Amino acid sequence: LQDAADRGVLIVASSGNLDQELEQYPAAHRSVVAVTALDRNGRKIEKAAYGQFVDIAAPGTDIVSASAVSDSAYETLEGTSYAAAITGGAAALVRAQNPGYSAVQIDACFKSSADQLHDAPVELSGKLGAGALNIGAAIDCALLREPGRHKTALNATKGYLHLRAAPGESAEWLIEPRGEFKGIRFWP
């Protein structure tokens, strides 16, 4: 997985269909975009896995798919695999509109443009990634297109902070609320 990432390949994988906080591989690998599934109301579907390894949440219910019953049959399904497929398609759209973007930049577009999940239960806080996939905003990707236009507050558990310091200058972030924190990680 790391070799593929080092070659610029964007790997998208489902978080898994076990309603528990359990790292599932390949999704839990740091170089992979891990996707959990949401219902029509923007809530995690009951069977979707969750955890700090999840990067983004995408639609995963009422997906019309080809059926194994016959060559012309369809069925309506749900799960994280469908959410991952939608996210993979979104990555292709971002790349089509921005052919110069790397896999890391596409991931940054997803995370920086995700919609907040306002109705997520407290026990899922920080475990559904940066929020709900917003394909239009990911294609626009204000973080990379217009660095001064994007929001400066990081409201999701995963995302990108824009460094505005000139080379050689220091930068600082204010983390609120103040107090003890566990698990804060920065990867420059």
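Biologist: What percentage of the 188 residues in the protein chain is buried?

Modeller: This is a predicted model, so take the number as computed from predicted coordinates. Buried here means under 20% relative accessible area. With that cut-off, the buried part of the 188 residues in the protein chain comes to 35%.

Biologist: And the confidence: which element has the lowest mean pLDDT?

Modeller: For the protein chain, the mean pLDDT is 87, and 79% of the residues reach 70 or more. Going element by element, strand β1 (residues 11-14) has the highest mean, 98. At the other end, with a mean of 84, is α5.

Biologist: Which strands of the open sheet stand at the edges?

Modeller: The open sheet has three strands in the order β1-β2-β3, with parallel pairing. An edge strand has a single partner, so one side of it is left without a neighbour in the sheet. Neighbouring strands are turned by 40° against each other on average, direction ignored. The edge strands are β1 and β3.

Biologist: Which residue in β2 is the bridge partner of S14?

Modeller: β1 pairs with strand β2 (residues 32-38) in the parallel sense, over four bridges. The partner of S14 in β2 is V35.

Biologist: What angle does the direction of helix α2 make with that of β2?

Modeller: Helix α2 (residues 80-97) packs on the sheet, where it touches β1, β2 and β3. Its direction and that of β2 make an angle of about 125°.

Biologist: Which element supplies the largest share of the largest nonpolar core?

Modeller: That core has 23 residues, and V35, I56, V94, Y101, I106, F110 and L133 have the most contacts inside it. Four elements each supply at least two of its residues: β2, β3, α2 and α3. The largest share is five residues, and the element they come from is α2.

Biologist: Which residues does V94 touch, not counting those up to four places away in sequence?

Modeller: V94 is one of the residues with the most contacts inside the largest core. Leaving out residues up to four places away, V94 touches Y101, I106, F110, A138 and I139.

Biologist: How many residues are in the second, separate core?

Modeller: Among its members are A13, V32, A34 and V54. The count for this second core is eight.

Biologist: Is the disulfide left-handed or right-handed, going by the torsion about the S-S bond of C109 and C141?

Modeller: The structure holds one disulfide, with C109 and C141 joined at an S to S distance of 2.2 Å. The pair links distant parts of the chain, 32 residues apart: C109 is in helix α3 (residues 103-113), and C141 is in the loop between α4 (135-140) and α5 (142-145). The torsion about the S-S bond of C109 and C141 is about -95°, so the disulfide is left-handed.

Biologist: Where is P26, the residue joined to Y25 by a cis peptide bond?

Modeller: Omega for the Y25 and P26 peptide bond is about 20°. As for the place of P26, it's the loop between β1 and β2.

Biologist: Is D62 buried or partly exposed?

Modeller: D62 is in the loop between β3 and β4, and its phi is positive, about 55°, although D62 is not a glycine. Its relative accessibility is 39%, so D62 counts as partly exposed.

Biologist: Last one: is T61 buried or exposed?

Modeller: T61 is found in the loop between β3 (56-59) and β4 (63-66). Leaving aside neighbours within four places in sequence, T61 is in contact with L38, D39, R40, I45, L77 and E78. Its relative accessible area is 13%, so T61 is buried.

Notes. Residues numbered from 1 in each chain as written. Predicted model: local features only at pLDDT ≥ 70, side-chain atom pairs only at ≥ 80, totals over all residues. Heavy atoms only, no water. Disulfide = S-S within 2.5 Å. pLDDT = per-residue confidence, 0-100. Buried < 20%, exposed > 50% of the residue type's maximum accessible area, 1.4 Å probe, protein only. Contact = heavy atoms within 4.5 Å. Pairing = 2+ DSSP bridges. Axes fitted to C-alpha atoms, helices over the stretch in contact; angles between N-to-C directions. Core = buried A, V, L, I, M, F, W, Y, C linked by side-chain atoms within 4.5 Å.
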